[in-house]
Amino acid sequence: MTRILLVEDNEMNRDMLSRRLERKGYQVTLAVDGLSGVEMAAAHLPDLVLMDMSLPVLDGWEATRRLKAALPTRHIPVIALTAHAMAGDREKALEAGCDDYDTKPIELPRLLEKIEALLGGTGKDSP
Amino acid sequence: MLRRKPRGDDVASYAQDIVNTVREPLLMLDTSLRVHSANRAFYQTFKVSAEATENRLIYELGNGQWDIPALRTLLEDVIPTSSVFNDFELEHTFPMIGRRVMLLNGRRLRAGGHSELLVLAMEDVTERRRSEAELKAIETYAQNIVDTVREPLLILDATLRVRSGNRAFYQTFQVSCEETENRLIYELGNGQWNIPALRTLLEDVVPQSSAFNDFELEHDFPAIGRRVMLLNARKLQAGHHGELLVLAMEDVTERRRSEEEVAKAREAAETANKTKSMFLANMSHELRTPLNAILGYSEMLQEEAAELELAGFGADLDRISAAGKHLLALINDILDLSKIEAGKMELFLESFDLAELIDEVACTIRPMVEENANTLDIHLAPGLGAIHADQMKVRQALFNLLSNAVKFTHEGSITVDAGRQWMDGSEWITVRVADTGIGLEPGQLVKLFQDFTQADPSTTRKFGGTGLGLALTRRFCQMMGGDVTVHSVAGEGSEFTITLPAVVREAGAEPGAASPGADAGSDADADGAAVPEARDGAASAGAETPPGSVVLVIDDDPVQRDLMHRFLSREGFEVRSARGGEEGLRLSRQLRPVAITLDVTMPDMDGWSVLKALKADAALRDIPVIMLTMVDDPARGFSLGAADYATKPVNRLRLSQILRKHTCPNPPCPVLVVDDDAAARAVTRRILEKEGWRVCEAENGRVALACMERERPSLILLDLMMPEMDGFEFVDEVRGHREWALLPIVVLSAHDLSAPERLRLNGWVTSIIKKQGGSREALLHQVRDLLYDWAAPRPNLPTPGDEKLAAAL
């Protein structure tokens, strides 16, 4: 079963997205800030991380940098989620090491496409 | 003729020769005032013969022309009592030669066997007196002018003694002429002019440059209180007076005060505006967050309802979702418009494929097209290619036009035509959206693009929308230098056309507004517009300026820009200049300069922001940047940033390295440690004391300034994040002080500095030029020397064909 770590501080967004993903057959673990996101990623080694960018304690960019700097978590794909639909945010996220980028509000089909593209087809088909 | 003694023949004739050689008229009189003899000059000057002169009483000479009362007094009263008289001035109208001023000198002498003789020498000083009178008139005239000037003036001689002052000076400083003239300037009014800054100016600056302009002096004058004076000086050669220094003082106290007030008001307005923007940004977030939840949960319920086959819920959930999306769109529109009004809407320019964008928007709109049973045809001109613009805004503009077209058309057709064309010497992209819908009445057309206005109030009820769509579309297009036009016939349909430059320029860089100093910049603009395919305009700027040979000067001040431009051109550099940050960035991308000189203080985008943007661009970050700011006011000097930079926690080795660069001449030198963290201060203190420095501690910028008033440190170690007065403000304060402008400051910053702060201080500044007051020439030379380091042809310099550069693009 594909395991996704969702790092999101907003409770409703967390609940909503995790439930929708779970319904699509993913196993979702949750972290509420950047630091615990980095720790959980290291502890559970998920198949993919969905990372909100404006997070407390450690923001999404920094958390991604740390994930990408550490050998055990370096290979885990990270999709940045941000509420700021600004040009440049995408570049900023990619610069921090994110593998892809999506804007909130989430359009689930679009996000699922991105997730599957990064997992190389090994995800949803074998939940 | 002289009667001679045979023995003295030779001597007598020798004496007569001398007497005849003298060019001044001479008369020799005996004691009875009869002429014993005269010299040749006398006969020539007064046009008389020896016969009509010798043995006559002096008063009888030339028909009594020497019978002058003053002369009589002299000869009869003065001479008998003294053997000599000097420079007796006699003005008299002589019949033969007219009115003359004669200077008479007399000697009584005994000449051998002769009885006593009076030698009377006459010097004609008529001309001299006349020119002296003229000179006096000129001086009086000059003094009158000087006195008329309302600015206080002091005229100093080369030794800085006051030659004179003008009336305004005496009045302004409430001093008298007597206590001013012939005194050293520093002694005036109980030493009230003994000002260190003035001393430096007069003794160091003036001798080298012969003039100075607008030196600002703030001083407590005993008689008139604290004043800000603007001093101007000129050295001038004043004939027989020698070299004089004219010192003009303008009291700008009031002007400075009102400038300060304006600055304060501006600051207040900016703060208010910032608060408003913050409010908008926050509100945007606050409104969107719950809305996202509404949208998300309603979508989830839609999905669940579908799975559970609860057909009865579907329609209602669709309505919640649609209404939520509508509300979100409205909020976004309102916020966009507020942003534009607040001037906070920015352009994010990039090059992108126009056909792709149109396809994408068409895809989004297609469900709506089908809903109203319309057809959608898209015609793209061949070679449509790329556009350099703000992709999101182009997309939104196009989407707005298409959704309007779809909304107001039923069972009709919608056509999109896109092409590029040349107009007014530059290339434009046009996208036309035509529909066969309800069309617009002429009266409706007028109000069409106004904010919050729909063609017909009933439209809102029937078709929805905020009425902001078209207003925003037009604003977006205008921001990018283009526009939207409409052509419509009621009942037949509407046609909206978006026109945009193929290469959109950053705001504030309109073509044609170029000032003379920015000629090079506008040339490059034109080139850039001609090559719209160029990603970020990088490959543009034409063949005449190959990348890698140009120095780019970014400065808002045309004078400085021109100065730098001309100086560097003379030094053999190819120079381009930009009038501001945004233009500078664009030209940097186009020209790939070998080095950039960057002014720190510019109105639209300051040097630090430009630097940040330069360094954020992979293609530009390796270009050496010389930060400089030339402040005309020498008192402020050339402001500068930090001398060095280290991260905290401080690595002992790194700190030692830095300290070694700032050697202490006579240990222990005072070093000021400014940090709000007592523990960090203690650590730094230990390291410093080990290195032989004497440590002074301050917990914030304000305390640090107070410390510096007491003792001038040799070095400052500065934390940036502090309460009360932070490091940035502190640096500004220190650099604003003439005496401290050169003090080395080493920034010690915590790890979690924000990006812009880091950018302000770290090694991205290849060099921060330090120059306090005085010679601008020296600064220019420093810039030149730095440029030689980078801009001299080097074999490994990347050329346009270079793969490294290509990769960086």
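Select chain A to begin: this chain holds five helices and five strands, where helices (H or I, at least four residues) and strands (E, at least two) are DSSP runs numbered from the N terminus. The model is a predicted one, in which local features need pLDDT of at least 70 and side-chain atom pairs count only at pLDDT 80 or more, while totals for chains, interfaces and linings use all residues. Residues are numbered from 1 along each chain as its sequence is written, and chains are lettered from A and ligands numbered from 1 in the order in which they are written.

Next, select residues 34–44 and 60–69 of chain A, which are helices α2 and α3; their axes come within 9 Å and cross at roughly 25°, the axes being lines fitted to C-alpha atoms over the stretch in contact, with angles that run from 0 to 180 degrees between N-to-C directions. Since angles under 35 degrees count as roughly parallel, α2(A) and α3(A) are therefore roughly parallel to each other. To see where they meet, show A:G34, A:G37, A:V38 and A:A41 in α2(A) together with A:G60, A:E62, A:A63, A:R66 and A:L67 in α3(A), a contact meaning that C-beta atoms, placed from the backbone, lie within 7 Å.

Finally, bring in chain B, of which 13 residues are in contact with twelve residues of chain A. On the side of chain B that touches chain A, α9 (253–307) and α12 (391–407) of chain B each supply at least two residues, and α9(B) gives the most, with nine residues.

Definitions and conventions:
Contact = placed C-beta atoms within 7 Å. Parallel < 35°, antiparallel > 145°, perpendicular 65-115°, else oblique.
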